[in-house]
Amino acid sequence: MSSLPNPEPPAPRHSLRTEVLENRPVNRDGFVQEWPEVGMVAMESDFDPRPSLRIENGRIVEMDGLERADFDFLDQFIADHAIDVDAAEQAMALGPQQVARMLVDPNVSRTEVLRTARGLTPAALLETVKRMNIVEIMMGMQKMRARRTPANQAHCTSARDNPLQVAMEAAEASLRGFSELETTLGVVRYAPLVAIALQVGGQVGRGGRLTQCALEEATELDLGMRGITAYAETISVYGTESVFVDGDDTPWSKAFLAAAYASRGIKMRFTSGTGSEVQMGNAEGRSMLYLEIRCILVTKGAGVQGLQNGSISCIGVPGAVPGGIRAVAAENMIASMLDLECASGNDQSFSHSAMRRTSRLMPQIMAGTDFVCSGYSSTPNYDNMFAGSNVDAEDYDDWNAIQRDYQIDGGLQHVSEPEILAARSRAGQALQAVFAHLGLPAITDQEIETAVYAHGSNDLLPRDVLEDLKGAAAVMERGVTGLDLVKALHESGFTDIADNLLTVLRQRVSGDLLQTSAILDANLEPLSAVNDANDYAGPGTGYRPGGERWEQMKRLRHVTSAENPELEVQ
Amino acid sequence: MSLVVGVDIGNSTTEACAALITAEGVEFLGSGLVPTTGIKGTTANVDGVEAAVRAALRTSRLALPALQRVFVNEATPVISGLAMETITETLITESTMIGHDPRTPGGAGLGVGVTVAFGELDECSPGEKVIVVVPVGIDFAVVSKALNAALERGVDLRGAVLGNDDAVLVANRISCSIPIVDEVRLVSSVPLGMTAAVEVAAPGRTIRTLSNAYGLATVFELNADQTRAVSPVARALTGIRSAVVVRTPSGEVSDRHIPAGTLELGGETSTVRIDVGEGAEAIMAALARVTPMKDASGEAGTNVGGMLASVKENMADVSGVDLAEVRIGDLLAVDTFVPQEVRGGLAGEVALENAVALAAMVRTSHGPMQQVALAISQRLRREGAAEVEVVIGGVEAEMATRGALTTPGTDRPLVVLDLGGGSTDAALADRSGAISTVHVAGAGDLVTRLIASELGVERDVAEEIKQSPLAKAESFFHLRLEDGTVQFFEEPLPPEVFARVVVLSTDALVPIPVRHSVDRIRQVRRTAKQRVFVVNALRALKQIAPYRDLRQIGFVVLLGGSALDFEIPELIADALAPYGIVCGTGNVRGSEGPRNAVASGLVLSRS
Amino acid sequence: MNVLELREIGRAEKGARPDEVVLALSPGFATFFTKTIVDVPHSEVVRQILAGIEEQGVQARVIQVKARADLAAMAHTAARLSGSGIGIGVLARGTSMIHQKDLPRLSSLELFPQSPLMTPEVFRAIGRNAAQYAKGESPQPVPTLNDQMARPRWQAKAALLHLKECELLVKGAPPVEVEPVLTA
């Protein structure tokens with residue numbers, strides 16, 4: 001029973017080149033063979049249903065080869081709420097080849113595609129994208145994206161749940177261009193303080209950034225209703241009945257939650273993505289993309305304005321099968337062709353290889369989506385409490401260079417260090433004042449000083465967690481709301497931040513953030529698919545970074561001056 | 001007839017009561033309690049005051065516009081600080097001894113031999129008496145095989161010391177029974193080629209030979225002088241199930257006293273110096289000689305110097321008072337112990353080192369109450385109480401006794417004991433109604449600190465332990481409570497509490513992440529409360545009692561957050577019973593419990 | 001490398017000894033599969049868990065589940081058959097759980113969800129903790145590890161292993177008691 005190593009047979013000789021290749025980061029990624037029978041396949045499977053549709057008396061009685069009596073609850077929800085019966089017969093008659101051509105043809109308008117898409121069954125949508133290669137999918141995305149101007153979302157989290165860090169990361173992320181800021185927690189009880197910090201930090205400077213805190217559904221809703229956060233995103237839907245039921249949910253319960261948000265004027269979107277069902281062993285023999293299309297249609301049927309998809313936390317599954325990243329790009333595009341806001345993933349650790357990480361985000365950053373990342377880690381990945389993102393704070397300069405190389409707008413820009421330090425410092429002082437005003441555990445000047453210059457939570461002064469958690473509980477007990485934050489900011493002399501926050505809260509009443517793809521622009525006016533509709537119609541049309549924006553994008557950390565090549569452009 | 005609200009801004013809570021004042025007298029309506037916002041006595045209190053006033057009016061079913069007057073107390077912030085310093089340390093030199101308590105040693109009995117490295121076992125001759133020392137990382141199967149081979153060859157294997165947690169596994173696989181001690185992290189530092197003894201006691205028992213100085217003398221054939229030298233080893237090994245002692249040329253276990261420095265206590269007429277190392281009792285005796293104390297400081301460059309300086313700095317920060325102006329008004333020293341890893345130990349041995357905990361208290365000057373009152377009236381007027389007038393009421397202590405006297409069954413002479421977080425405050429109302437007060441350092445926060453250090457837990461866990469009784473979840477359907485009784489449940493308990501000691505807090509069972517038993521935690525909790533609250537109750541009463549005679553006090557009414565504690569009131573009442581004092585938790589106005597005394601007193605004094 | 005053979009003794013019955021822990025192995029464990037997702041041999045997994053239990057002076061029985069590859073169900077089956085009410089479940093890829101008979105099936109005492117992080121040391125600790133629960137002691141939960149880069153490397157392979165193990169299920173077959181035999 002010795003476990004001392006037995007003498008091993010001599011290893012076969014490898015070339016030095018093999019050794020070099022063997023040690024490349026890409027070989028630490030996992031790749032697997034397809035197995036379509038159980039759903040371990042991206043989008044090309046013989047086991048997916050074929051498109052079919054029969055309507056009787058204005059009601060779908062057969063869909064994708066299944067009689068109404070054999071529908072599961074997803075089929076039923078989709079047939080009754082997601083597919084426009086009036087458009088369906090005509091749309092289905094076009095056939096997938098024709099619909100695919102419409103997506104890439106600049107002569108066919110976005111509106112025309114939308115009219116067709118709303119009449120397609122899940123299998124018809126799948127057959128359509130199966131005919132498209134990655135460039136065609138990107139062309140489709142470029143045209144079908146809801147908002148004309150692309151944008152980006154940041155993750156602002158802290159491995160120590162340090163509210164001061166989160167406030168500063170939010171202010172920096174805002175300055176760098178992110179339109180939405182999302183946080184979550186290691187210790188859930190910290191949530192009220194971190195959500196307050198995010199909200200305050202997001203209003204520093206130009207402000208108007210929309211914030212959210214990913215938590216279990218009830219607390220997330222509570223924080224939203226109090227105005228401590230501005231939108232919600234982590235409401236998950238799944239593509240098979242069994243996975244839905246495992247989570248004690250149905251499409252109807254999710255739709256009900258969506259209505260709760262809408263009733264308070266709070267922006268929200270659902271979340272789904274390829275790979276989750278097969279990951280749980282419940283794919284029912286369907287391809288990943290087919291099941292994701294069902295999720296997209298459930299979102300549409302629930303009347304929600306948008307969807308976060310692009311595999312999200314299951315990216316390791318499509319990322320490991322052939323054609324998987326093509327399917328991920330396709331799922332983003334299908335969300336857009338159904339007129340949903342698309343927050344297109346790129347938000348989870350995806351690969352050990354820097355080349356694959358970049359290639360992963362090309363379809364979204366090149367075509368432009370409503371939120372290219374959902375989100376981009378504004379901290380080093382060790383602080384990212386969403387288990388790491390595809391891109392983090394250390395990739396900022398690379399991202400800006402890519403935008404500049406191709407003249408494509410991923411929503412960000414280079415910002416000089418003094419501006420960043422000033423914004424971080426002001427966010428820290430504002431949060432310090434808010435905490436003092438609300439009687440929360442004090443933030444010292446020394447903490448602020450340290451955090452302004454920090455890279456991540458390892459560089460911070462530790463806080464008294466016990467006192468902070470008591471403070472967090474007090475925030476919930478005392479019923480602190482977004483308006484209390486406005487008051488605190490105002491009375492402490494941070495009137496500009498107070499005004500920005502009040503403007504964000506006012507959107508609740510007008511309901512303008514319920515429009516598809518809504519963000520706030522530099523004047524804190526809503527910018528959405530209503531007043532900034534995508535008008536792409538071929539070369540020379542649609543959104544193209546130009547003018548002031550392009551000048552902004554040309555700036556990098558180091559650009560040699562043409563006037564005096566001994567200097568750099570400031 | 002006018003609608004008034006009395007407001008008491010405390011260190012941690014702001015309390016309010018609403019009342020109608022008529023020609024016939026006072027009719028109390030609702031009351032409110034909210035956390036204080038900001039430091040007591042500053043304008044940051046306004047938010048808390050507004051919330052408390054609103055709460056009091058809401059429970060009275062009245063609205064702000066009807067409010068006519070608000071009475072606030074004259075707030076004298078008492079700020080407190082804590083510090084702790086260990087004053088002894090245990091030191092093992094030359095790796096003389098391994099005295100940790102692995103959960104599962106192997107075999108049983110005593111074995112004496114010469115220490116031999118595992119790799120060198122092959123070189124031992126038949127008949128050699130051997131204690132084998134096995135490094136971390138060698139599989140138990142490999143170890144057993146090698147030991148069996150040595151035994152086969154006739155090596156007289158007497159005991160084993162293992163790095164891995166493998167003692168039972170090895171004992172079960174070898175052909176003779178020897179004592180085996182395992183989980184010795186730094187096993188590679190065990191001196192080799194030295195005479196050593198390994199002892200393992202049967203389950204549920206403790207070692208007998210190595211923990212006895214004469215046992216060691218017998219094993220190692222020591223003379224009287226040598227025995228005297230090793231007696232600390234024996235002491236360090238008492239009460240454990242397994243141990244190893246190695247005889248090295250000059251190795252020893254020493255109990256070192258850490259020089260902690262001198263404490264200087266300044267009274268009105270004299271100044272007393274006392275070495276902190278002499279312990280709490282000596283410090284408190286010295287303090288009694290200089291009471292009332294004017295200030296205290298520690299010898300510069302020593303631990304106690306740093307300790308008091310940091311307390312003062314902290315107080316200066318909190319109160320906004322200039323550091324040079326901070327004067328420590330009272331101290332409470334408590335002897336405690338801190339489990340600390342022994343220096344030079346090989347297996348993470350832990351010794352309970354002596355420590356002294358100090359609570360210090362500063363009375364600051366009156367806060368800017370006029371400004372606070374002004375801010376409150378502005379705020380309340382803006383919020384709709386157009387007519388409101390804010391009046392600064394009387395002295396806090398007087399208001400507290402007035403409120404406390406509304407407790408049914410009380411009369412003068414009466415002492416109010418306010419058991420807070422940082423300090424314990426007493427106010428006496430004598431037969432004539434004259435008021436005197438005293439503040440002593442040390443209260444709930446010190447109790448938390450003592451529990452945390454003695455059990456080696458985080459402060460939030462200690463806070464939970466302090467507040468509620470304990471139990472152990474013996475199955476998913478029953479708890480064994482700390483008094484030995486059993487509570488059954490219909491629904492299974494949550495998995496995170498299974499098999500653990502839990503605190504029965506009001507809304508949940510909170511698991512305590514320590515190895516200690518219920519009895520041990522309970523004992524630590526109760527003695528911490530004794531040493532702080534009972535000691536301070538007696539200290540405060542002795543200072544305030546007429547003629548310093550406790551028998552002159554008729555009634556003691558306990559107020560403040562800690563008066564709601566589940567056992568502190570009874571601990572204090574037990575201690576006061578011999579003096580013929582009636583002592584209990586207050587019940588202000590017969591309805592409010594130990595809350596709302598000052599707020600109620602403010603209203604009563606104005607009627 | 002040791003080879004693990006599971007010799008079937010008969011249908012798994014409920015034990016009477018209060019000092020035993022039952023270890024449930026999944027249908028593919030040491031049958032179709034021979035090692036975990038990170039190549040820890042199944043022989044070593046079983047040897048370490050059993051050593052962890054033995055070191056605490058507690059008895060162990062091993063069963064193989066035939067009809068389920070659902071970790072919670074397996075571990076719960078083990079717990080219900082265990083005289084102490086404490087059971088362990090281990091999937092072929094290494095994912096593990098400590099369960100107790102009175103807990104709801106979907107709950108657990110300790111769960112080790114990330115199969116790529118399961119080392120021989122963790123398996124030893126699982127055996128040790130399960131045995132301590134059986135003795136009524138309060139072990140410190142085995143620290144669960146986390147690795148952000150486990151997703152790109154292992155997520156798909158874990159899914160594949162799970163799907164493959166699901167293929168080996170024998171509908172309705174009762175769990176059998178086995179004797180683990182290790183041969184070099």
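1. A cut-off before anything else: I call a residue buried if 20 or more other C-beta atoms lie within 10 Å of its own, exposed if 12 or fewer, and partly exposed in between, with C-beta atoms placed from the backbone. By that count, 54% of the 570 residues of chain A are buried.

2. Housekeeping. This is a predicted model, in which local features need pLDDT of at least 70 and side-chain atom pairs count only at pLDDT 80 or more, while totals for chains, interfaces and linings use all residues. Residues are numbered from 1 along each chain as its sequence is written, and chains are lettered from A and ligands numbered from 1 in the order in which they are written.

3. Overall form of chain A. There are 23 helices and 13 strands in chain A, taken as DSSP runs numbered from the N terminus (helices H or I, at least four residues; strands E, at least two). The radius of gyration of chain A is 24 Å, close to the 25 Å from the globule rule for 570 residues, so chain A is as compact as a globular protein of that length. That radius is taken over C-alpha atoms, and the rule is 2.2 Å times the number of residues to the power 0.38. The C-alpha trace of chain A spans about 70 × 70 × 65 Å along its principal axes.

4. Contacts in chain A. Two residues are in contact if their C-beta atoms, placed from the backbone, lie within 7 Å. Among the chain A contacts between residues at least 6 apart in sequence, 75% join residues at least 24 apart.

5. Strands pair if DSSP finds at least two bridges between them. An open antiparallel sheet of three strands runs β1-β2-β3 in chain A. β1 (53-56) and β3 of chain A are at the edges with a single partner strand each, so one side of each has no neighbour in the sheet. Four bridges link β1(A) and β2(A), and R54(A) sits opposite E62(A) in β2(A). Helix α3 (residues 85-94) of chain A lies across β1 and β2 of chain A, at about 140° to β1(A); axes are lines fitted to C-alpha atoms, for helices over the stretch in contact, with angles from 0 to 180 degrees between N-to-C directions.

6. Helix α2 of chain A. Which residues of this helix (73-82) are buried? They are L74(A), D75(A), F77(A), I78(A), A79(A) and A82(A). Their cover includes β2 (59-63), β3 (66-67) and α14 (288-301) of chain A.

7. Helix α1 of chain B. Ten of the 14 residues of α1(B) are buried, so the helix is largely enclosed by the rest of the structure. Among them are D47(B) and E50(B). The buried residues pack against elements of chain B including β1 (2-9) and α8 (369-382). After α1(B) comes R61(B), with a positive phi near 55°.

8. The three-stranded sheet of chain B. The order in this open antiparallel sheet is β5-β19-β18 (chain B). Its edge strands are β5 (78-86) and β18 (330-341) of chain B. Nine bridges join β5(B) to β19(B), where I79(B) has V362(B) as its bridge partner. Helix α10 (residues 444-455) of chain B packs on the sheet, its direction at about 20° to that of β18(B).

9. The interface. Ten residues of chain A are in contact with 15 of chain B.
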